[in-house]
Amino acid sequence: MADTLEFNEIYQEVKGSMNDGRLRLSRQGVIFKNSKTGKVDNIQASELAEGVWRRVALGHGLKLLTKNGHVYKYDGFRESEFDKLSDFFKAHYCLELAEKDLCVKGWNWGTVRFGGQLLSFDIGEQPVFEIPLSNVSQCTTGKNEVTLEFHQNDDAEVSLMEVRFYVPPTQEDGVDPVEAFAQNVLSKADVIQATGDAICIFRELQCLTPRGRYDIRIYPTFLHLHGKTFDYKIPYTTVLRLFLLPHKDQRQMFFVISLDPPIKQGQTRYHFLILLFSKDEDISLTLNMNEEEVEKRFEGRLTKNMSGSLYEMVSRVMKALVNRKITVPGNFQGHSGAQCITCSYKASSGLLYPLERGFIYVHKPPVHIRFDEISFVNFARGTTTTRSFDFEIETKQGTQYTFSSIEREEYGKLFDFVNAKKLNIKNRGLKEGMKQSYDEYADSDEDQHDAYLERMKEEGKIREENANDSSDGSGEETDESFNPGEEDDDVAEEFDSNASASSSSGDGDSDRDDKKPAKKAKIVKDRKPRKKQQESKKGKDPNAPKRPMSAYMLWLNASREKIKSDHPGISITDLSKKAGELWKAMSKEKKEEWDRKAEDARRDYEKAMKEYSVGSKAESHRGERSKKKKKKQEKQMKGKGDKKGATSKSSSSKSPAKSMSDSFKSKEFVSSDESSSAESKKEDSEEEGAASPPPSSEDSASGSD
């Protein structure tokens with residue numbers, strides 16, 4: 001007989017919601033760990049009073065009753081596990097695991113039995129349904145009627161909110177059956193009633209979540225937040241964890257209370273209660289209890305009169321009442337010596353605290369991530385600047401948290417911390433970081449054949465082959481289009497030596513005219529092949545041969561109609577899953593037959609591609625010849641245009657004054673008398689002839705050319 005039994009994917013029923021987790025039975029007792037919250041329920045073996053095995057909605061369930069009246073329900077067992085559990089209970093807990101089935105007659109009248117924290121509605125000896133009284137939020141009475149209201153379950157789409165019981169009148173005098181029923185419910189229900197005086201009151205505390213200033217009244221079983229607008233009553237049973245975190249400025253302290261279920265305000269849910277204290281604030285506190293009661297209840301953890309810092313008093317009282325440890329930052333120290341890192345999460349700046357068993361971010365929105373739920377972490381480059389980096393965390397459920405704008409100096413400290421905690425780091429690659437976590441789930445991934453992934457792989461191979469073919473057929477021009485060395489030289493010439501020489505020279509116009517066409521021609525030459533490459537990527541030739549399909553896709557096309565006929569009404573996604581299962585279960589001989597067909601299709605495709613590429617090369621060759629011819633004609637036309645421009649330039653240099661006067665003439669300067677204008681033209685020409693200098697050697701040379 002094994003000393004322990006472990007079960008995964010077991011569901012615990014708590015306040016109407018089914019929380020999944022892991023259940024372990026050992027000699028010492030029963031331990032259940034909630035996968036969502038990490039909360040651990042521990043039932044000692046000596047406390048177990050009864051064990052019941054029965055059929056439930058999720059297969060079979062186990063109900064455990066303790067000697068102090070608590071009830072624990074676990075669902076998700078298989079029928080074959082009954083013998084193993086029954087033997088374990090007999091050997092280690094000395095209990096008989098009784099089999100009890102629920103009554104399914106459908107009657108709505110019977111007897112109500114109260115046992116511990118459970119209300120059971122029975123027909124005869126068989127229970128019809130059971131209601132844990134801790135789920136009840138309110139109980140009201142009417143004439144021969146009792147109404148139970150329940151806590152809303154945020155995780156469920158549909159929640160049971162109310163049940164009404166009709167209680168028939170009895171002949172007994174002095175006993176009202178309705179009131180007796182209600183009192184039995186209220187004695188065990190989770191109904192918060194502020195009866196009596198508070199143990200102590202903290203006035204006007206600054207609360208960040210929910211925002212505002214609140215008076216905190218401490219009662220024996222719950223915490224009462226009283227603000228100007230809202231009131232919240234928080235049972236101590238809903239408190240998961242307590243955190244005491246120093247602010248980066250070393251002058252303030254955060255006190256964080258983690259809640260499950262959260263407190264609600266309309267549609268808003270507050271999973272964390274965050275209080276902010278100044279270290280300088282002191283308080284003297286007197287508990288509203290006598291010294292004997294304080295000693296009996298708190299066993300030395302609290303005294304009637306206490307004094308000290310405000311944050312110390314609040315945390316000390318909460319620790320004693322909730323009976324949970326306070327989590328503080330561990331050995332981590334950042335670049336500035338603080339125990340936290342300044343970062344941003346969802347566009348809000350805050351502080352990230354690396355703890356001994358997780359990370360917590362405060363304050364908007366507060367986030368707590370345990371190490372055991374982290375799949376891997378990633379150090380990413382900052383999106384806006386290189387002076388910061390991002391820290392990404394992905395959980396096993398697939399949720400991703402990105403903490404951005406972390407100072408670059410914090411990288412070494414944070415990396416060493418993550419490495420010391422043996423978390424998977426994605427940046428290391430598959431060899432070191434992700435290999436272990438991938439192997440854990442390798443079996444489950446391989447069980448299903450992913451048709452979409454197979455198709456993408458096949459298309460990727462063919463795309464690479466086409467890219468290689470096109471690069472071989474595009475000629476040498478494409479290979480020469482990108483030359484980093486030459487491009488760097490061109491930039492240096494343009495902006496360093498030649499650009500300054502042309503701007504400083506006296507004959508700037510002629511130099512620029514000579515250099516500009518050469519530059520433009522070179523830029524066009526560099527960019528043309530790239531344009532060709534882009535056009536060839538965008539356009540798809542309809543005459544090109546179609547890509548061959550893989551063996552799986554050939555089989556799927558042939559078998560699709562048969563699968564549809566065997567499973568009428570099947571969706572596309574379910575069809576692909578079913579096809580993957582059939583393909584995986586197929587024998588090796590049948591798969592080889594489809595592999596041969598795929599190989600034949602691939603050979604035909606390669607043959608067709610060769611013929612197609614030969615034809616396309618010939619066509620492109622003819623196109624290049626016609627383009628070269630056009631370029632030659634354009635150069636000749638351009639040469640003639642340059643000659644005309646040179647002659648006109650020489651003539652304009654001989655008569656600069658005339659051209660200047662002509663260029664600046666307007667209608668206002670033109671006289672209506674033609675004779676006077678003619679005379680003025682003659683005088684101007686004589687003056688220009690006398691004043692014009694002899695032509696330079698450069699002008700004469702350009703004229704002779």
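## Charged patches on the surface

Helices here are DSSP runs of H or I with at least four residues, numbered from the N terminus. In this predicted model, helix 1 covers residues 82-93 and includes Asp 83. Asp 83 counts as exposed because its relative accessibility is 52%, and exposed means over 50%. Together with Glu 79, Asp 87, Glu 99 and Asp 101, Asp 83 belongs to a patch of negative charge on the surface.

## Cis peptide bonds

Thr 209 and Pro 210 are joined by a cis peptide bond whose omega is about -10 degrees, and Pro 210 sits in the loop between strand 15 (200-209) and strand 16 (212-218). A cis peptide bond also leads from Asp 260 to Pro 261, where omega is near 5 degrees; Pro 261 lies within strand 20, made up of residues 252-265.

## Positive phi angles in loops

Glu 299 is not a glycine, yet its phi is positive, at about 50 degrees. The loop that holds Glu 299 runs between helix 3 (291-298) and strand 23 (305-309), and Glu 299 is exposed, with a relative accessible area of 63%.

Asn 323, likewise a residue other than glycine, has a positive phi near 65 degrees. Asn 323 is found in the loop between helix 4 (310-322) and strand 24 (326-327), and at 59% relative accessibility Asn 323 counts as exposed.

Definitions and conventions:
Residues are numbered from 1 along each chain as its sequence is written. This is a predicted model: local features need pLDDT of at least 70, side-chain atom pairs count only at pLDDT 80 or more; totals for chains, interfaces and linings use all residues. Side-chain values use heavy atoms; hydrogens and water are left out. Patches are made of residues with over 30% relative accessible area and no salt bridge: like charges are joined within 9 Å, nonpolar side chains (Val, Leu, Ile, Met, Phe, Trp, Tyr) within 5 Å. Accessible areas come from the Shrake-Rupley method with a 1.4 Å probe; for residues, only the protein chains shown count as cover. A salt bridge is a side-chain nitrogen of Lys or Arg within 4 Å of a carboxyl oxygen of Asp or Glu. Lys and Arg count as positive and Asp and Glu as negative; His and the chain ends are not counted. The place of a charge is taken as NZ of Lys, CZ of Arg, CG of Asp or CD of Glu. Helices (H or I, at least four residues) and strands (E, at least two) are DSSP runs, numbered from the N terminus. Buried means under 20% relative accessible area, exposed over 50%, partly exposed in between (1.4 Å probe, protein chains only).
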